[in-house]
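Colleague: I should like to learn how to read a model of this kind, feature by feature. Could you take me through it?

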Amino acid sequence: MAPEFDKQIPPITRRSLIKTAAAGAALAGTAGLSACVASGGAPDPGTSSAAGDQTADNPLGVDKKLPMEVVIFNGGYGDQYGKEHVALYNTWAGGEVGKMSSTVKIASTLQSRFAGGNPPEVIDNSGADAMPTATLVADNQLADLTPLLDAPSVDDPSMKIRDLLMPAAIVSGSYDGVMRQLPYVFAMWGFWYSGPLFQEKGWEPAKTWDDFLALCDKIKSTGLAPFVHTGVHTQYMDTILDTMAIKHGGIDIMLNIDNLKSNAFDNESVLAAATAVRQLHDEGYIMEGSEGLDHTTSQAQWLQGRAAIIPCGSWLENEMRKQVKPGFDMVVQPVPSLTASDKLPYEALNGGPGEPFIVAENAKNKLGGMQYLRLMLSNDAGAKFAELTGSLIATKTAPENLTNPTTALKSVADATKAAGENIFSLNFAGWYAPMNDARKREMANLINGRSTPDQYCAAMQKAADEVAQDPKIKKFTRQA
């Protein structure tokens, strides 16, 4: 559940979807951060800016006697995992040198410390009050994590950290080719259902949209609503539409949308995906009242058995943990393909790494901070994180290192492994607020029967063209 960043945008997640509309206000609240952090001085003499003796146990050459401080964002993942990870660091260091605190107000809590040149070593820079990453990078406040990338992994010394991480983690954590933050958590989107319910009814998860509509017919005939979604946060369904369009037309659909191409929304793939969404309304497959439900309320309705399927991200189980009844056994599947001949396979996923961890450039134990991240990426740390949060870390080995996973987490791991390199995410909603506003408005019109698929595509193309032609809006591009 990572927030959006200023330049390199991670995959759209539950938190970023809900808070994007407030991003302008959040950035305004941290507008003074640039001037403040710029005044931060160099680290004190005697700190660990330079590596000491490097060994197999200590490849970064950390002074194990130096204190090492971590600040965790106490949001959807809680902070217990941070306590476990600090304990790993202290065991490695041979003393209680590491300490952890948590807060929901990252910028408010840490701005003065960056200004004073005394920041903590590691920060989980997340939430609505996250510090603007691009500003920190511009002011040279974030450490270059190349030493971490080049260090051997904890569990396999022959494998470097850069080879252990999902490639997208390095891409989304890099600014101008230099990795400045570690997106730690992998999140994915899909359609969720109760395994026992489907087994009892003899229902099979659908791989194509035609099969999905046929399944919805079967479900509707039993008196159960086939589908429920959050009508308040229509970005959820926008993400599903995006997923279907990209799977249908290939990665060029994603690149054209993010790069503001003139035909980005005016094409067969986006129109087909919009048509599919409108079919849910026209066929009466959506649970009555969905338009007025927020994310947790719609999820609660699903858990109470009022609908069979809900679109959501891999944080669903953890977010609703207190409301999941024994035996519900939720499972996720990839979003169905529009056709059997889509350019990307059914297994392709909309998702990627998020939850950014940073190491402060002016911290007194910068290398200790990188060692903490190295330990966080170990099999033991990843398994503990999964146990506590129901989520995977962003390493290639994470799906294979789970201990007694729930049905939800196992299905996420299985889907991630099956997707392989076919994992993608769009950036435009985080880059361009006017387009994000348009997609929320136009999805509400489409899924509630107030506009046609053609009108949806035309409205989104108009919004994209207006952004492209506005000289006051800074533009971003991507090649992959």
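Modeller: The chain has 22 helices and 12 strands. Helices (H or I, at least four residues) and strands (E, at least two) are DSSP runs, numbered from the N terminus. This is a predicted model, in which local features need pLDDT of at least 70 and side-chain atom pairs count only at pLDDT 80 or more, while totals for chains, interfaces and linings use all residues. Residues are numbered from 1 along each chain as its sequence is written, and side-chain values use heavy atoms, with hydrogens and water left out.

Colleague: What is the mean pLDDT of the chain?

Modeller: The term pLDDT denotes the predictor's confidence in each residue, from 0 to 100. Here the mean pLDDT of the chain is 90, and 90% of its residues reach 70 or more. Over residues 1-12, however, the pLDDT is below 50; beyond near neighbours in sequence, this stretch has 67 contacts in the model (contact means heavy atoms within 4.5 Å). Residues 14-46 also have a pLDDT below 50, and that stretch has 73 contacts beyond near neighbours in sequence. Where pLDDT is low, the predicted coordinates should not be read in detail.

Colleague: How many residues of the chain, as a percentage, count as buried?

Modeller: Buried means under 20% relative accessible area, exposed over 50%, and partly exposed in between (1.4 Å probe, protein chains only). Of the 480 residues of the chain, 58% count as buried. As for contacts between residues at least 6 apart in sequence, 76% join residues at least 24 apart.

Colleague: Which residues of α11 are buried, and which are exposed?

Modeller: Trp-209, Phe-212, Leu-213, Leu-215, Cys-216 and Ile-219 are the buried residues of α11. Seen down the axis of α11, they fall within an arc of 160°, so they line one face of the helix; the arc is that of the directions from the helix axis to the C-beta atoms. Asp-210, Lys-218 and Ser-221 are exposed on the other side of α11. The elements against which the buried residues of α11 pack include β6 (182-194), α12 (235-249) and α14 (268-282). After α11 comes Gly-223, whose phi is positive, near 95°.

Colleague: How do the axes of α11 and α14 cross?

Modeller: Axes are lines fitted to C-alpha atoms, for helices over the stretch in contact, and angles run from 0 to 180 degrees between N-to-C directions. The axes of α11 and α14 come within 12 Å and cross at roughly 10°. That makes α11 roughly parallel to α14, given that angles under 35 degrees count as roughly parallel, over 145 as roughly antiparallel, 65 to 115 as roughly perpendicular and the rest as oblique. Trp-209, Phe-212 and Leu-213 in α11 meet Ala-276, Gln-279 and Leu-280 in α14.

Colleague: At what angle do α12 and α13 pack?

Modeller: Helix α13 (residues 251-258) packs with α12 at an angle of about 125°, with their axes 6 Å apart. That makes α12 oblique to α13. The contact is made by Ala-245, Ile-246 and Gly-249 of α12 and by Ile-251, Ile-253 and Met-254 of α13. The buried residues of α13 are Ile-253, Met-254, Leu-255, Ile-257 and Asp-258, and they pack against α12, α14, β12 (423-424) and α20 (428-431). Just after α13, Leu-260 takes a positive phi of about 60°.

Colleague: Where is Asp-176 found, and is Glu-355 buried or exposed?

Modeller: Asp-176 is found in the loop between β4 (174-175) and β5 (178-179). Its phi is near 50°, a positive value in a residue other than glycine, and Asp-176 is exposed, with a relative accessible area of 68%. Glu-355 lies in strand β10 (residues 349-359), with a positive phi near 60°. At 1% relative accessibility, Glu-355 counts as buried.
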